[in-house]
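Here is a short report on one protein. Look at the sequence and the 3D view first, then read on.

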Amino acid sequence: MHRLHLAPHAALHVIRLRSFLWAQNLIRQDEIFRLVFFRTRSMIDSEDLTQDIFMSAFRYLSQLKDSDRFRPWLYRIALNRVHDFHRKNKFLAYLGMTESR
């Protein structure tokens with residue numbers, strides 16, 4: 001499993017969020033990691049993106065109106081973040097500012 005690295009004050013909130021999600025059996029972090037990894041094919045980028053996805057979900061959790069829609073909402077955040085990642089890399093490649101992978 002991949003772990004989030006957070007400041008101590010944010011860690012408690014993430015623990016509460018994880019407990020809620022696992023208790024509700026809605027999602028596991030490794031599912032999102034797998035979705036991201038198969039779209040990026042980079043372990044390091046996938047770990048970073050997965051952390052960003054869960055931080056975004058935590059940040060915008062109050063905007064979720066229907067808790068039954070959590071899983072598709074989180075997957076949409078993940079897919080949008082992967083699309084942003086690829087769009088950024090294309091732009092940087094166009095400018096000649098990326099490493100070869």
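## The fold at a glance

This is a predicted model. The protein has four helices and zero strands. Along the sequence, the pattern reads α-α-α-α.

Of the 101 residues, 34% are buried. Residues 24 or more positions apart account for 54% of them.

## Helix H4

Helix H4 covers residues 70–94.

Which residues of H4 are buried? They are Phe-70, Leu-74, Ile-77, Ala-78, Leu-79, Val-82 and Phe-85. Keep a general rule in mind here. An α-helix has 3.6 residues a turn, so residues three or four places apart point the same way. Just after H4 comes Gly-96, with a positive phi of about 75 degrees.

## Helix H3 and its packing on H4

Helix H3 runs over residues 43–60. It has 18 residues, which should span 26 Å at 1.5 Å each; the end C-alpha atoms lie 26 Å apart, in agreement. Its buried residues are Asp-45, Ser-46, Leu-49, Thr-50, Gln-51, Ile-53, Phe-54, Met-55, Ser-56 and Ala-57.

Two packed helices are described by the angle between their axes and the distance between the axes. For H3 and H4, the angle is about 130 degrees and the axes are 10 Å apart. H3 is therefore oblique to H4. Their crossing is right-handed. On the H3 side, the contact uses Asp-45, Leu-49, Asp-52, Ile-53, Phe-54, Ser-56, Ala-57 and Tyr-60. On the H4 side, it uses Trp-73, Leu-74, Ile-77, Ala-78, Arg-81 and Phe-85. Sorted by class, this contact of H3 with H4 has 10 nonpolar, one polar and three charged residues.

## Helix H2 and its packing on H4

Helix H2 spans residues 29–40. How is H2 set against H4? The two pack at an angle of about 30 degrees, with axes 10 Å apart. Angles under 35 degrees count as roughly parallel, so H2 and H4 are roughly parallel to each other. H2 passes H4 in a right-handed crossing.

H2 brings Glu-31, Ile-32, Leu-35, Val-36, Arg-39 and Thr-40 to this contact. H4 brings Arg-71, Leu-74, Tyr-75, Ala-78, Leu-79, Val-82, Phe-85 and His-86. By class, the contact of H2 with H4 has nine nonpolar, two polar and three charged residues.

Leu-35 sits in helix H2. Is Leu-35 buried or exposed? Its relative accessibility is 11%. Buried means under 20%, so Leu-35 counts as buried.

Set aside its neighbours within four places in sequence. Leu-35 is then in contact with Tyr-75, Ala-78 and Leu-79. Thr-50 is 15 residues from Leu-35 along the chain, and their C-alpha atoms are separated by 9.3 Å.

## Arg-41 in the loop

Arg-41 lies in the loop between H2 and H3. Most residues other than glycine have a negative phi. Arg-41 is not a glycine, yet its phi is positive, about 60 degrees.

Arg-41 has a relative accessible area of 57%. Exposed means over 50%, so Arg-41 is exposed.

Definitions and conventions. Residues numbered from 1 in each chain as written. Predicted model: local features only at pLDDT ≥ 70, side-chain atom pairs only at ≥ 80, totals over all residues. Heavy atoms only, no water. Expected span 1.5 Å × (residues − 1). Buried < 20%, exposed > 50% of the residue type's maximum accessible area, 1.4 Å probe, protein only. Axes fitted to C-alpha atoms, helices over the stretch in contact; angles between N-to-C directions. Parallel < 35°, antiparallel > 145°, perpendicular 65-115°, else oblique. Left-handed = near helix turned anticlockwise from the far one by under 90°. Contact = heavy atoms within 4.5 Å. Nonpolar A, V, L, I, M, F, W, Y, C, P; charged D, E, K, R; others polar.
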